[in-house]
Amino acid sequence: MPAATTEEILLELVDQDGTTIGTAEKLSAHQAPGRLHRAFSVFLFDTAGRMLIQQRALGKYHSPGVWSNSCCGHPYPGESPLAAAARRTFEELGASPALLAEAGTVTYHHPDPASGLVEHEYNHLFAGLLRAEARPDADEVGAVAFVTPDELVKRHAEDPFSAWFMTVLDAARPAIRELTGPASGW
């Protein structure tokens with residue numbers, strides 16, 4: 001049996017309230033103008049309150065080589081966003097979070113000028129702790145780094161980041177502050 005391709009992966013299409021209204025193939029959902037679909041974004045922190053960011057692998061069809069949050073992706077149709085976030089975190093980073101908590105939702109529409117693809121997502125946000133050492137899958141992740149808030153500001157000014165990164169980070173900040181404490185600076 002041939003291996004599954006990106007085009008064969010189905011995503012849940014949703015309305016503005018996040019109610020499932022159908023499915024679409026992954027690539028077609030990301031083609032302009034973009035179809036609103038369910039996604040998730042994970043922000044993981046170490047015990048010192050530093051955020052794990054990842055550089056997307058160069059072989060990724062969408063936004064290759066850019067830095068982004070710890071993990072992101074799409075639930076399979078019928079899969080809960082929390083289960084999908086835990087699954088993909090392990091698949092991409094080779095480690096499971098010690099804690100993973102809901103951090104809200106955000107909807108956005110971000111075109112990627114480099115690829116012409118569009119992220120039009122109803123995104124479920126999660127924040128958590130990573131106590132195990134990350135062992136990234138090289139097909140998914142080019143590099144990882146733990147950063148403080150000041151280090152993130154510097155890196156964001158110097159390096160390319162995903163179009164959605166600041167949108168999801170800003171939406172998750174209240175939950176991140178609750179998780180890491182006020183002294184962490186997030």
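Which residue of β8 is the bridge partner of S41? In this predicted model, that partner is L125.

β3 comprises residues 37-45, and nine of its nine residues are buried. In a regular strand, side chains alternate between the two faces of the sheet. In β3, H37, A39, S41, F43 and F45 point one way, while R38, F40, V42 and L44 point the other way; all are buried.

| Partner strand | Sense | Bridges to β3 |
|---|---|---|
| β8 (residues 118-129) | parallel | nine bridges |
| β6 (residues 71-73) | antiparallel | three bridges |
| β4 (residues 51-56) | antiparallel | two bridges |

S41 has a bridge partner in β8, L125, and another in β6, C72. F45 is bridged to M51 of β4. Five residues lie between β3 and β4, which form a hairpin, and G49 in the turn has a positive phi of about 85°.

**Helix α4**

Helix α4 covers residues 165-180 and spans only 19 Å between its end C-alpha atoms, whereas a straight helix of 16 residues would span 22 Å. A bend of about 55° occurs in α4 at R173, and the proline P174 follows within four residues. R173 is also one of the buried residues of α4, together with F165, V168, L169, A172, A175 and I176. The elements covering these buried residues include β3, β4 and β8, as well as β5 (67-68), β7 (99-111) and α3 (149-158). After α4 comes G181, with a positive phi near 90°.

Technical notes: Residues numbered from 1 in each chain as written. Predicted model: local features only at pLDDT ≥ 70, side-chain atom pairs only at ≥ 80, totals over all residues. Heavy atoms only, no water. Buried < 20%, exposed > 50% of the residue type's maximum accessible area, 1.4 Å probe, protein only. Pairing = 2+ DSSP bridges. Expected span 1.5 Å × (residues − 1). Bend = angle between axes of the 7 residues up to and from the residue. Contact = heavy atoms within 4.5 Å.
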